[in-house]
Amino acid sequence: MEEILLEIKHMNKKFGSIVALKDVDLTIRRGQIHGLIGENGSGKSTITSIAAGMQQATSGEIFYKGKPWKPTSMVEAQRHGISMILQEANTIEGCTVAENLFAGQEDQFSTLGFFNTKKLNKAADDLLKKFGLDFIKGKDIITKYGFEERKLIEIVRAVTDETEILVVDETSTALSFDGRKILYKLMDQMVAKNKAVIFISHDLDEIMEHCTILTVLRDGEIRGEISKEEMNQPGSIRKIRELMVGRDIGDQFYRSDYDVSHGKDVVLEYRNVSSNNIKDFSLKLHKGEIIGIGGLSGCGMHEIGRMAFGLEHIDKGSVVCGEKAVETPTQAVHLGIGYISKNRDQEALILNGSINVNIELPSLSSLQKHSFVSPKKARDLVNEEISLMEIKCESGNQWVNTLSGGNKQKVSFAKWIAKKSDIIIMDCPTRGVDIGVKQSMYRLITDMKREGKAILMISEEMTELIGMADQLLIMKDFKVKKTFMRSPDLKETDIIEYMI
């Protein structure tokens, strides 16, 4: 057996009355990619965040390199060799890429009290080049870059020559095909150097391909540990799913029908829209239709979604709903448009607000009577969505920033369901959501189509688009390269050549 690098014994963690971890034992060895998988709120991120210094355990022990380990901060943990890449954006606004990369290490660029910005930028550029990211420049303000590029910057910041354990917490969900290749290569390099990776993911295919060993959690407890040999056995995926959710959820995930019919009414139309690199984009979305848009990072698909919610400046043309041009998010909401953003922490949720506030906000006009919000109607609305989406929480009063990533995603979904939006733009709608909840969300989306809702689904998961969309647009270089219609014969291999 490989040398033990990190050992967790009898770890417990409580948040108020909620038990997040219950008597957890976990051993991380050198030379392994150790996968953690489980439903949202099962305790995966809680375990690793304690080991990485983000928070303290209620009780239990941790041993790192054979010695007691109780870091007081992520900076201390990283200094000693444990680094964690978080699921959500974790860059510093208003600073340059270089300042983000070397935050807390500024003294190495100072001489006799003078700060050498040129030296800082040069060091950042050299580091980015080492990771194959020379298209990102150290001198640029961080806001120049999108969600994926920022996540890549976080990866570069987290990994140093001293890193012994790299925790990858749902990071791959924020990355495109090329971004994931960079991450996987880095993980393999860690293993080759006899270091360790703790890999948290909801993607079973990804887990099975890259992990040496897999630990399954449910409700804060370890439910099973599966070796690489066992992962390669027939029926292993079904076994893992059962351990995760406590029941057999079957194999039916996506829509079972191939009915692409929809209403005659066009409810959202892009009319020769141009914005930055996108030129003369046109599209008609009908009532009861699901249109999928896919492609690699930087193809323009995320900008398409943002345009329809008034988040992206349009230079020419217009996005029209009910013969009215959509120009602002407020106007979009009034026109019955909902938007689930890929960057949920910054664009979809009020983190320092309750679940109540987040779900109620788009529906305030329907909850009001004579300028007063009915507490009962608001409470009933929220409780209905908490039940429907199975949001794990103490109550609607719980703050969103205390929820797991998957439960945050449920809240961002729930507020538009509560609003009864007729048109919903979904940008990576199941990002960070566990396998059981994904299945429920796909059923919900199918029901929405039957009810006549119009859905624009933007995703980096081709299987999701193939499984759900009536019509699938593949984008490359800010243009639609190919359109596919829903078919039982459509496969990922048919699509890839138009993306690359």
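In α16, 14 of the 15 residues are buried, so this helix is largely enclosed by the rest of the structure; buried means under 20% relative accessible area, exposed over 50% and partly exposed in between, with a 1.4 Å probe and protein chains only. Helices (H or I, at least four residues) and strands (E, at least two) are DSSP runs, numbered from the N terminus. From its first C-alpha to its last, α16 reaches 22 Å, close to the 21 Å expected at 1.5 Å a residue, the expected span being 1.5 Å times one less than the number of residues. After α16 comes K420, whose phi is positive, near 60 degrees.

This is a predicted model, in which local features need pLDDT of at least 70 and side-chain atom pairs count only at pLDDT 80 or more, while totals for chains, interfaces and linings use all residues. Residues are numbered from 1 along each chain as its sequence is written, and side-chain values use heavy atoms, with hydrogens and water left out.

The largest pocket holds about 1,100 Å³ of space. A pocket here is an open set of points on a 1 Å grid over the protein atoms alone, where a 1.4 Å probe fits, with protein on both sides within 12 Å along at least five of seven lines, and lining residues have an atom within 4 Å of a point. Of its 41 lining residues, T46, T402, L403, S404 and G405 are the closest to the centre of the largest pocket, and the elements giving two or more residues to the lining are β2 (18–29), α1 (44–51) and α16 (405–419).

Conventions
Points joined across faces, edges and corners; volume = space filled by probe spheres on them.
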